[in-house]
Amino acid sequence: MGILKKVLVGALLSTALVAQGAHAADKKIALVVKALGIGFFEAAAQGAEEAAKEIGDVELIYTGPTDTTAEGQIDVINSLIAQKVDAIAISANDPDALVPALKRAMQRGIKVVSWDSGVAPEGRMVHLNPSSNPLIGNMIIKLAADNLPDGGEVAVLSASATATNQNTWIAEMNKVKGDYPGIDVVTTVYGDDLFDKSYRETQGLIQSYPDLKAIIAPTSVGIVAAAQAVTDEGKIGEINVTGLGLPSEMAAYVDNGASKSFAIWNPIDLGYAAVMLSNDLIDGAKAEPGAELSMGRLGNLTLDDDNAGAMADPFVYDKSNIDKFKDIF
């Protein structure tokens, strides 16, 4: 049986959440998130624990900084190197700043997988995209456009300015925005995956753009904060909040009309796949273009020329189906 440890780096605290037998685990796999306390990553940890139990004899360490900074994650990585983990699976706060620390990890034989938010290729062996970046980029603007038949002003509320996945999805969105006549993307603001800051940024958007019709937040923290701000400002029916979020956190805003629809992949599956890929690398699988790595019950991941691959397409949630999923994740 595996151990799931939740490590609060700022205080250097560690709590074992699952008991293990007397013997030491054969493998140590660390799931490193952007920051602790975010629902999306807590759900990913559930999937990671499922994978660890399925593999057997795995000590699973769930860890991350207290805020979404590269510096915090570098501290985490250095700590994991000292613990001599076998693999680090990380959702990065910065694609480049983590590279030196992750290179040190790989030089010591630690397998490195980035997932959700990528690391530059020289800082990892494999990257797991939750979905195809072009599909996500198209999806987030389509969700806004589908509810704006006459077009209108749309703003983006992102996470941090250096978040790899957010920047990639927004870039892909901007490539196809011309396919949606009348949609005017007026600005992008950053809430750093902090609820209070995302809420204030949304208030600023409402004040700065009186004709704003939709807010796209491709972040599970930002979309909830934006929906709450739209609710509090009395803008339900005037501004639609959409993007990427969790059914459990967005159900109330779909019900009250602040959000017509949103999308997400299953974060439980994402954490599960990240640990399975890490285990496959530990067991000797090669990380090279064209290789197929095991994602357990999710099948195989085929690596492209950058040693990256996509897990699944995003799924759309709205009033027709939200009740089926709101108690799951």
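I looked up the domain contacts and found 14 residues of domain 1 in contact with 15 residues of domain 2; contact means heavy atoms within 4.5 Å. This is a predicted model, where local features need pLDDT of at least 70, side-chain atom pairs count only at pLDDT 80 or more, and totals for chains, interfaces and linings use all residues. I number residues from 1 along each chain as its sequence is written, and side-chain values use heavy atoms, with hydrogens and water left out.

I checked the bounds next: domain 1 covers 27–130 + 267–312 and domain 2 covers 133–264. Such bounds come from an automatic or database domain assignment. The C-alpha centres of the two domains are 28 Å apart.

I then looked at the interface. About 1,100 Å² is buried between domain 1 and domain 2, and carbon and sulfur atoms give 53% of that area. Buried area is the accessible area (1.4 Å probe) that two parts lose on being put together, summed over both. On the side of domain 1 that touches domain 2, I noted 5 nonpolar, 6 polar and 3 charged residues. Ala, Val, Leu, Ile, Met, Phe, Trp, Tyr, Cys and Pro count as nonpolar, Asp, Glu, Lys and Arg as charged, and the others, Gly among them, as polar.

I searched for salt bridges between the domains and the rule gave 0; it asks for a side-chain nitrogen of Lys or Arg within 4 Å of a carboxyl oxygen of Asp or Glu.

Last, I looked up Asn174. The C-alpha atoms of Asn174 and Asn138 are separated by 8.7 Å, and these residues are 36 residues apart along the chain.
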